[in-house]
Amino acid sequence: MPLAHGRPYLAIPGPSVAPDRVLQAMHRPSPNIYAGELPDLTASLVPDLKAVAKTNGHVAMYIGNGHAAWEASLANVLAPGDLALALPTGRFGHGWAEMARRIGIEVDVIDFGNHADVDLDRVEAALRADTEGRIKAVLAVQVDTSTSVKNDIAGLRQVLDAVGHDALLMVDSIACLGVDEMQMDAWGVDICVTGSQKGLMTPPGMAFVFFNDKAAQVRAKMERVSSYWDWTPRAHPEEFFQYFFGTAPTHHIYGLREALNMLVHEEGVEAAWTRHAVLARAVWAAFDVWAHPQGLALNIKDPAKRSNAVTSASAPAPKATELREFMEREIGVTLGIGIGMAAGAHDPAWHGYFRIGHMGHVNPHMLLGVLGGMEAGLQALAIPHQPGGVSAAASVIAEATA
Ligand SMILES: *Cc1c(COP(=O)(O)O)cnc(C)c1O
C-alpha cells in the first residue's frame, strides 16, 4: 500500500521544479516567429539574464542543454591545438575538459577529487609554470553538481591577476546561477555558461553563454568559428532570425520570460540567493543531527564550501539506493542518484551516494517535506541515525524568519 499519492516532487539537481506560472505561460498555441510579440519578448530576456549573472557584458542564447553551453563557449575562443587548464572538482568539471579534448583542444587537468574545492595555490603554481603563456583559458565549475562543492571564483581571478596571466576565466554556473552568488563582472569572469533548467526554473532546452569584451576580442581574432556556435550574431542580432540561428524556442521564451519575472522582478536575485542559503542550511542541519558512521554523511565537510543549490551525501551501499527507492515509493519524492563518485559504475562507493536538489522554485514546505520523508525512511529502513533532523531544519527556518 504505497503512500505516495498526491503531487510528486522531483528533488533532483536539475531539471528543477518548473513553477505552475512558467508551465502556464508555455501552454499556448505556437506563436508567429516572423512578426508579433515574439521578437520583443526575446529581446526583453537579455537585460534580465544579465541581471542574474550580474554583468553588463553580452549574452548569447542557444537551443540546447548545458552541454551545448559548454561547446558554444569553447568553440568561440579556443581552436584545435590551443591549451586550456581544467580544474575539475567532480564529474562535470571532467566532462567539460573531455568535451574540449574531443574538439581538438589540448587540456591540462588538475584534478581536485570528489571531496574538495579548487586549491588556489596549486592553480597559481600551474599558471606560474606556464612561462610561455600557452594556457589560453582556465575552465572552472562554480558548483559541481556531482559533489555539491562550491568553488571560489573570485579567488581564481585574484590568482590569475597575481600571476599576471592573460588566460580567459571560463566558469560553468549551470547548477547555480540564480541560486549561489555570481558577480560576473565584479569577480572578473570572462565567460559564464548556464542552462534554463536549474536556477532559472524553466524546462531544459535553452542554454546561455555570457561573455565580456575581453572574450569578444579573443573571439574576433579566431581564424574560424563554427557557424552555429558563433556567439557574435546571437548576442548582437541584426534580425530576429539571428538570435537562435533558425526557429526560435518559442514556448521556452514564454516560460523563461515568466521565470525571470519571478526571479528578477518579484523576488529579486539577492533575495533568491538568501532564500537558497537558508534552505541549504536547513538541509545541512538535518544531516548534522542524523550523521552516523554507519549512516548518512554529507560529502563536503566544510559548510563554507558547500553549494546552496544541491547536496551530495552518502550512506553505506545499498542503503543510499534503498532510501531513494523508499522516497519515491512511499513519500512521492524523487532524489538524485550519485554520479561520478568513483571510477567504476560498479564500485559500491558510487552506489553509496545520492543527491538532493534544492535549487529554483523551492520553499520550506517542500524542503521540510523532503527531510521529513527522509527521516521516515531512515527509521523504516533501520539506517543508523539520531532522530530529530527535521526539528533541527525547522529551527533554521524559524531563526531565519525571526
Ligand atoms: C547540469 C549540469 C551540466 C550539464 O547540463 P545538461 O543540461 O545536462 O547538459 C553541466 N555542468 C553542471 C555544473 C551542471 O549542473
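The shell around the ligand is made up of six nonpolar, five polar and two charged residues, where Ala, Val, Leu, Ile, Met, Phe, Trp, Tyr, Cys and Pro count as nonpolar, Asp, Glu, Lys and Arg as charged, and the others, Gly among them, as polar. This is a predicted model, in which local features need pLDDT of at least 70 and side-chain atom pairs count only at pLDDT 80 or more, while totals for chains, interfaces and linings use all residues. Residues are numbered from 1 along each chain as its sequence is written, and side-chain values use heavy atoms, with hydrogens and water left out.

**Around the ligand**

- The ligand is surrounded by 13 residues, of which the closest are His 67, Thr 145, Asp 172, Gln 197 and Lys 198; a residue is counted if one of its heavy atoms lies within 4 Å.
- Helix H3 (residues 66–77) gives the largest share of this shell, three residues, a helix being a DSSP run of H or I with at least four residues, numbered from the N terminus.

- Polar contacts are pairs of N or O atoms within 3.5 Å, and a polar side-chain atom of Thr 145 lies 2.3 Å from an oxygen atom of the ligand.
- For Asp 172, a polar side-chain atom is 2.7 Å from a nitrogen atom of the ligand, whereas an N or O atom in the side chain of Lys 198 is 2.6 Å from an oxygen atom of the ligand.

**Asp 48**

- Asp 48, which is placed in helix H2 (residues 38–53), counts as buried because its relative accessibility is 8%, and buried means under 20% relative accessible area with a 1.4 Å probe, protein chains only.
- Leaving aside neighbours within four places in sequence, Asp 48 is in contact with Arg 257, Leu 260, Val 264 and His 265, contact meaning heavy atoms within 4.5 Å.

Notes
Helix = DSSP H or I, 4+ residues; strand = E, 2+ residues; numbered from the N terminus. Buried < 20%, exposed > 50% of the residue type's maximum accessible area, 1.4 Å probe, protein only. Polar contact = N/O pair within 3.5 Å; in protein donor to acceptor, adjacent residues only side chain to side chain.
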